[in-house]
Amino acid sequence: MDLLIPDKTHDESRQGEALVLEPNGKNNGRKLYIESYGCAMNFSDSEIVASILADKGFETTSDYNNADVIFINTCSIRENAETRVRNRLKEFAGAKGKNPGMVVGVLGCMAERLKSKFLEEEKLVDVVVGPDAYRDLPNLIERVDEGQRAVNVLLSREETYADINPVRLNSNGINAFVSIMRGCDNMCSFCVVPFTRGRERSRDAYSIVAECQGLFDRGYREVTLLGQNVDSYKWSNEVEHVNFANLLEMVALISPELRVRFSTSHPKDITDEVLYTIAKYDNICNYIHLPVQSGNSRILDLMNRTYDRDWYMERVDAIRRIIPDCAISTDIITGFCTETEEEHNDTLTMMDYVQYDYAYMFMYSERPGTLAAKRYADDIPEPIKAIRLKQVVAKQQQNSYVRLQQHVGRIEKVLIEGFSKKSDQDYCGRNDKNAMVVFPVQEGYKPGQYANVLVERCTTATLIGKIVA
Ligand code: 5AD
Ligand code: SF4
């Protein structure tokens, strides 16, 4: 088997430069199909990949059977995310059987975690490319065209793809993700991300503002600024230092008509300055995703989250004080190593305290190579993890409903995103707290515009109302 050794273009000192290949038209019209799993960052990365390949003549397609290149952008965060990707690869085998010239590539976190092992395990796969090596894709595809199999999983300390203007995939032309930083330095003990996405680095603030301005000029009305830990964003040039609060302000100032969202905030790093900035600008959405993971201080310590229960509660109090009408969502893991019933109850009481609007809830899944995998036994039996997860989910369903009901009777500013899933007589969109709102289509209102909607009732997941002048 031929493996490609990454070439000089991956010299760290050259990261950030555009990769210039000899111009040739041989890729013109070749079709790229790209599918993303896992977090929003992966969806955003796929748009960067599409842009790098569009520069080389590739067009995107939504039908993998007609594709010349199939890429699957993978997630390693839990074992079941990886299982899903393996199953999907089996489905691609049929398409490749019919078109032997087809290139199949694995991108993202699983590529980084498994490296060339992937090629041994999955005979179908031709290319394995980690999250910092996407500029090398045109080269790697060329190698595959020449009959080799290729790997580039070098991580970088500098790569932010700052200069790349992402091609928007499956876009409604209204909301877009904008990556503001990459990697993570936190080393939460359960998490594989620091190993798959490398060291934390922040993107040039002006390239972020330029990208958001470009989106606004093309009619987009909502940007979500993405990073594993946005509160540790920091970027400087000779004259200024830009922290996350400053960046939020810079983006918010593009236009009051541009909504600004962001994810993910870290409880140890979210500052009052960020909260005051959110409070100051109407177009920065009153919505904070603040993963708690556990409500118990001993477990938080084992998780290496570097805050405890009291600290987290204080940050929630600060949000409530500074932004009185703010939605908060979270991530929760049940059955982390050595978690007792009592400690699990602390997570439930934390949920009572915060009354989260939404939550993403998971059973602990041990990931090879993480600190927890090395240090602690994964000793909570699966059925106990599942019971605890069920309790957490049940509590969240109650809380989500209570939170949604609080909107009933209010007039909410909704950004219209399109027709509702169920009927083209109804529009759907979100209020600034990220709640989905459905209301009858009314003349004079189009997707991409804001509407004031009187919320008349709600289901367990949706607000229902009508436009008021
Ligand atoms: N097991 C279960 N959930 C995990 N997460 C991250 N790693 C794991 C793991 N090993 C969850 C965390 C994180 C979210 C993105 O995924 O809650 O915030
Ligand atoms: Fe993983 Fe923790 Fe970094 Fe989030 S902050 S990506 S959970 S290491």
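Buried here means under 20% relative accessible area, with exposed over 50% and partly exposed in between (1.4 Å probe, protein chains only). Helices (H or I, at least four residues) and strands (E, at least two) are DSSP runs, numbered from the N terminus.

This is a predicted model, in which local features need pLDDT of at least 70 and side-chain atom pairs count only at pLDDT 80 or more, while totals for chains, interfaces and linings use all residues. Residues are numbered from 1 along each chain as its sequence is written, chains are lettered from A and ligands numbered from 1 in the order in which they are written, and side-chain values use heavy atoms, with hydrogens and water left out.

Contact is taken as heavy atoms within 4.5 Å. Just after helix 5, Gly147 has a positive phi of about 100°.

Now for the nonpolar cores, each a set of buried Ala, Val, Leu, Ile, Met, Phe, Trp, Tyr and Cys residues joined through side-chain atoms within 4.5 Å. The largest has 68 residues, and those with the most contacts inside it are Leu225, Tyr233, Phe244, Leu247, Val251 and Ile288. Helix 8 (residues 244-252) gives the most to this core, with seven residues. Not counting residues up to four places away in sequence, Ile288 touches Phe262, Ser265, Ile270, Leu275, Ile278, Ile319, Ile323, Cys326, Ala327, Ile328 and Ser329. A second, separate core of 24 residues includes Leu32, Ala50, Val103 and Ile141.

Next come the strands, which count as paired if DSSP finds at least two bridges between them. Strand 10 (residues 222-226) and strand 13 run parallel, joined by five bridges, and Thr224 stands opposite Arg261 in strand 13. Five of the five residues of strand 13 (residues 259-263) are buried. Arg259, Arg261 and Ser263 point one way from this strand, and Val260 and Phe262 the other way.

An open sheet is formed by three strands in the order 14-15-16, with parallel pairing. Strand 14 (287-289) and strand 16 (358-363) stand at the edges, each with a single partner strand, so one side of each is left without a neighbour in the sheet. The twist averages 10° from one strand to the next; axes are lines fitted to C-alpha atoms, for helices over the stretch in contact, and angles run from 0 to 180 degrees between N-to-C directions. Six bridges link strand 15 (residues 327-334) with strand 16, and Asp331 has Tyr360 of strand 16 as its bridge partner. Helix 14 (residues 382-405) packs on the sheet, touching strand 15 and strand 16, and its direction makes about 175° with that of strand 16.

| Residue | Element | Relative accessibility | Contacts |
|---|---|---|---|
| Thr277 | helix 9 (residues 272-280) | 8% | Ala245, Leu248, Glu249 and Ile284 |
| Glu412 | strand 17 (residues 411-419) | 5% | His407, Asn431, Ala451, Asn452, Val453 and Val455 |

The C-alpha atoms of Glu412 and Ala451, 39 residues apart along the chain, are separated by 8.1 Å.
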